[in-house]
Amino acid sequence: LVDANMRELAATGFMSNRGRQNVASYLVLDLGLDWRLGAEHFEEHLVDYTPESNWGNWHAAAGLSGGRLNRFNTLKQSK
């Protein structure tokens, strides 16, 4: 699921909102990558990029917004 979403991003410059959430959750919470790396990568590749939305969503995905942490189960969602 994550691989397919990243391939879609590379090929088209687009990714669904659910795909963005799954990818962010996986990279930050499962792989332990710095959320800023994901935000920078999406900034470079998204056609519909907006700074506030992109950086805000990655910040929230890392659990830094003070709200609820959404950990997505990519295996379950790929079925």
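Predicted model: local features only at pLDDT ≥ 70, side-chain atom pairs only at ≥ 80, totals over all residues.
Residues are numbered from 1 along each chain as its sequence is written, and side-chain values use heavy atoms, with hydrogens and water left out.

Let's start with the rings. How many aromatic pairs does a search of the whole structure find? Two. Rings of Phe, Tyr and Trp (its six-membered ring) pair if their centres lie within 6.5 Å; planes under 30 degrees apart count as stacked, over 60 as edge-to-face and the rest as tilted.

Take tryptophan 35 and tryptophan 55: the ring centres are 5.8 Å apart and the planes sit at 80°, so that's edge-to-face. Tryptophan 35 is in helix α3 and tryptophan 55 in helix α4, residues 51–61, so the pair ties together parts 20 residues apart in sequence. Helices here are DSSP runs (H or I, at least four residues), numbered from the N terminus.

Buried means under 20% relative accessible area, exposed over 50%, partly exposed in between (1.4 Å probe, protein chains only). Tryptophan 35 is buried at 15%, while tryptophan 55 is partly exposed at 25%.

Then there's phenylalanine 42 with tryptophan 58: centres 5.1 Å apart, planes at 80°, so edge-to-face. Phenylalanine 42 is in α3 and tryptophan 58 in α4, so this pair ties together parts 16 residues apart in sequence. Phenylalanine 42 is buried at 1%, and tryptophan 58 is buried at 4%.

Last, leucine 33. This residue lies in the loop between α2 (17–30) and α3 (35–45), and is partly exposed at 40%.

Terms used
Helix = DSSP H or I, 4+ residues; strand = E, 2+ residues; numbered from the N terminus.
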